[in-house]
Amino acid sequence: MIESYGYPVETHVAQTADGYLLTMHRIPYGRAPGAGPAPNKPIAFLQHGLLCSSADWVVIGPDRALAYLLADEGYDVWMGNARGNTHSRAHISINPDRRAFWDFSWHEIGILDLPAMIDYVFRNTGQSKLHYVGHSQGTTSLFIMLSLRPEYNNVILSAHALAPVAFMNNLRSPFVRAFAPFVNSLDTITSLLGMNEFMPSSTMMQMGGYLTCRDTSPFQEVCANVLFLIAGFNSEQLNRTKLPYIMANTPAGAATRQLVHYGQLYNSGHFRQFDHGRLGNWAEYGSFSPPDYPLDRITAPIALHFSDNDWLAAVTDVHRLRAELRNVIGAFRVPLAAFNHLDFQWAVDIRPLLYNRVISLMNRHND
């Protein structure tokens, strides 16, 4: 996709401390006349949400997608891929077919994946600071890294949390609310059945998503409504022409435990570590309940970007998060009442509604 629009692209692989091999995609410069490699360009690191991948930062094309806009703005753009998704299904010793490969949640993405990828970026660029943009789970993992590995606060020039997810007890998504009461048994059942991966990507699913959701398909509205039931209804902002390309890349796979962990947040009203049950928690944490993430340890400058019609990141929960953070650039409401959780990456008018402001704030925080 990236090459087809005339942009340069590189593929890099970072290894985590526990042996996962994570693929990153890099757009080192834009396609403006005279653009090319240059030292000390500001770095923009983009991290996807649950069931997504680096493709989501480029799939809607160069006039709208954030990765292209940042590259044309003069940024060195790196796009991460969390363990277990389409591009990061590898480990130095564990086969993805084994249950042990999927024994993780977004907790491990925060404390192991993000640091490994960021360190790799710094080793390969000679720089020591970057801008971070995360969507949904990409914000959850950021808050985990900055709270449990606080030394990484010092490398963040600015962080932009799009549809930030930490506290979840006010979410409206019927999809999450339906399975949340069963999350503990869901984790057990899926493990017994060997279903440790949730919504894996495959060639058949990719082709099916493309064929089912394209403009000539009678099922295109079914595709749209599946997304709306999860994230909130906003038909006008869904680019149906791009929908088959979106669905060919999403879902990109995730561990079942990632979904279970989000269900636990909804049930508990806390932003805390994985709940293994009373005895499991005592063995893991030395307490019957999982510990909350210490958000007061986060000192990096963070901008929260939220919307009224986000069924996964409720306005009330975003404001609660803002009150817990110490260095908030601001909490910025998207000026469109119908803007939903997935519009933060795919909306028709995403550039004037969101990305222009994100880029402006990033520019102000360059050293």
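Trainee: Which residues does Q47 touch, not counting residues up to four places away in sequence?
Mentor: This is a predicted model: local features need pLDDT of at least 70 and side-chain atom pairs count only at pLDDT 80 or more, while totals for chains, interfaces and linings use all residues. Residues are numbered from 1 along each chain as its sequence is written, and side-chain values use heavy atoms, with hydrogens and water left out. A contact requires heavy atoms within 4.5 Å. With residues up to four places away in sequence not counted, Q47 touches W57, G80, N81, A82, L114, M117, Y132, V133, G134, H135, G138 and S141.

Trainee: What is the relative accessible area of Q47?
Mentor: Q47 is placed in strand β3; helices (H or I, at least four residues) and strands (E, at least two) are DSSP runs numbered from the N terminus. Buried means under 20% relative accessible area, exposed over 50%, and partly exposed in between, with a 1.4 Å probe and protein chains only. Q47 is counted as buried because its relative accessible area is 1%.

Trainee: In what order do the 8 strands of the open sheet stand?
Mentor: The chain contains 13 helices and 10 strands. Two strands pair if DSSP finds at least two bridges between them. The pairing in the open sheet is mixed, and its 8 strands follow the order β1-β2-β4-β3-β5-β6-β9-β10.

Trainee: Which strands stand at the edges of the sheet?
Mentor: An edge strand has a single partner strand, so one of its sides is left without a neighbour in the sheet. This applies to β1 (10-15) and β10 (328-333).

Trainee: By what angle are neighbouring strands of this sheet turned against each other on average?
Mentor: Axes are lines fitted to C-alpha atoms, for helices over the stretch in contact, and angles run from 0 to 180 degrees between N-to-C directions. For neighbouring strands of this sheet, with direction ignored, the average is 20°.

Trainee: What angle does the direction of helix α3 make with that of β5?
Mentor: Helix α3 (residues 137-148) packs on the sheet, where it touches β3, β5 (130-135), β6 (156-162) and β9 (302-306). Its direction makes an angle with that of β5 of about 130°.

Trainee: Which residue in β2 is the bridge partner of H12?
Mentor: β1 and β2 (residues 21-27) pair in the antiparallel sense over 6 bridges. They form a hairpin with 5 residues between them, and G19 in the turn has a positive phi of about 95°. The bridge partner of H12 in β2 is M24.

Trainee: Which residues of β9 are buried on each of its faces?
Mentor: In a regular strand the side chains alternate between the two faces of the sheet. β9 is mostly covered, with 5 of its 5 residues buried. Its buried residues are I302, L304 and F306 on one side, and on the other A303 and H305.

Trainee: Which residue in β10 is the bridge partner of A303?
Mentor: On one side, β9 is joined to β6 by 4 bridges in a parallel arrangement, with A161 opposite L304. β9 also runs parallel to β10, to which 5 bridges join it. Helix α11 (residues 315-324) lies across β9 and β10 and runs at about 170° to β9. The partner of A303 in β10 is G330.

Trainee: What is the phi of A163?
Mentor: A163 is found in the loop between β6 and α4 (174-179). A163 is buried, with a relative accessible area of 0%. Although A163 is not a glycine, its phi is positive, at about 55°.

Trainee: What is the phi of L51?
Mentor: L51 lies in the loop between β3 and α1 (66-72). L51 is buried, with a relative accessible area of 14%. L51 is not a glycine, yet it has a positive phi of about 65°.

Trainee: Which residues lie nearest the centre of the second largest cavity?
Mentor: On a 1 Å grid over the protein atoms alone, a cavity is a set of points where a 1.4 Å probe fits but cannot get out, and lining residues have an atom within 4 Å of a point. The search of the whole structure finds 2 cavities of 30 Å³ or more. The second largest cavity has a volume of about 40 Å³, a volume being the space filled by probe spheres set on the points, which are joined across faces, edges and corners. Of the 13 residues that line this cavity, those nearest its centre are H48, Q137, G253, A254 and Q258.

Technical notes. 1 Å grid on protein atoms, 1.4 Å probe; cavity = no way out; pocket = protein on both sides within 12 Å on 5 of 7 lines; lining within 4 Å.
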